[in-house]
Amino acid sequence: MAVSRYCSLILAGLLVAGAQSVVGQSQASLTAEKNRLARMEQSQENRQVEIEDIENELLSYDYKLERAQESLEKARRKYEVSRRELQQAKRDHQLNTSSDTERQLRKAEHGFAMAERGVDSRTRRVEFIQSNYDELNGQLQEIREAITASNRLIEQQKEKIENLVAALLAKAEKERREAAVARAAPPVSKPEVPAPSVAQAGAGEAGVDSESEALAEPKREVDPELLDYVRRERQRLQKLLADGDEGKHTFRYLELEPTRGESVPFEFLGHNQYRLVAPVEAGRQTYEINTWKFRRTIPADDAGVPYVFIFDARRLSRPRLVMYPQYALEALESTEP
């Protein structure tokens, strides 16, 4: 009877241990899903930064297009005037052929040819600017559609996390009830357990070593979407700085103030682009750069990871903050020849 009762207690203990293991696995799954959600939110923030860049470019193209259309309209008016002057010169030369009328005719023909070229060149410029403008609008529409689609995925991910939390709470409650049942059982004496032999101790140490190796940090996998974002931003910066002309400094000083910790100064790259590398904290963060504030989401598994910060100050009424983990840039550079 005592042996039977002892076996029952051992079984109850195993059940409790098993429940703890399941809860531990659920917690790990919950952490992974929360990190996935943070990555999705980070991608949305990156898309929003790209939208800001395109909208800034569109504002610039609005101005260029307006000026180009005004220039084209002037060229057309000049073309019409030169056309009438050419017609008049032809009539004058036909009515009274002389060296003077011939000289006026050649002058009118030259003026008309120049006016015609002016209309053609300005028409091509308007078409070029309009084409770029339409292309930017197309990119803007694609990113907005991607944001809409990702918002749906984010809502699904949040629902998935809520379900995991509910399941975790249910398992924890079950574990609590089982533990209470085990504590309510009458105490029994435990049989003596022989001391482990040297071989067993060695096997135990080997098991610990194997477990340590199993728990070694795996190689970080970089999200392809994050890699694409880093590639696009790096290409944008390289294209902007390609002429080698740094331009003037807009700021006497420019510093990043994280949510906690000391401020970090930016390095001036040129063309109102500033860069620094600093470790980040996980969660919703607010980064203050001089008088501007930017809110960003940092996944839990990026806590303490160095991030690249690029401050785009070309349009001070609407500056941009680009940021991404340094390991993503290193992964991108390692795949290139």
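Predicted model: local features only at pLDDT ≥ 70, side-chain atom pairs only at ≥ 80, totals over all residues.
1. Start with the backbone at His 271. Its phi is positive, about 55 degrees, and the residue is not a glycine. Most residues other than glycine have a negative phi.

2. Asn 272 also deserves a look. Its phi is positive too, near 60 degrees, and Asn 272 is likewise not a glycine.

3. Where does His 271 lie? His 271 sits in the loop between strand 3 (267-270) and strand 4 (273-279). Asn 272 lies in the loop between strand 3 and strand 4 as well.

4. His 271 has a relative accessible area of 24%, so it is partly exposed. Asn 272 comes out at 18%, so it counts as buried. The cut-off for buried is under 20%.

5. Which residues does Asn 272 contact, neighbours within four places in sequence aside? They are Lys 248, Thr 250, Phe 311, Asp 312, Ala 313 and Arg 314.

6. Now helix 4, residues 224-240. It has 17 residues, and at 1.5 Å a residue it should span 24 Å. The C-alpha atoms at its ends are 24 Å apart, so the span agrees with expectation.

Definitions and conventions:
Residues numbered from 1 in each chain as written. Heavy atoms only, no water. Helix = DSSP H or I, 4+ residues; strand = E, 2+ residues; numbered from the N terminus. Buried < 20%, exposed > 50% of the residue type's maximum accessible area, 1.4 Å probe, protein only. Contact = heavy atoms within 4.5 Å. Expected span 1.5 Å × (residues − 1).
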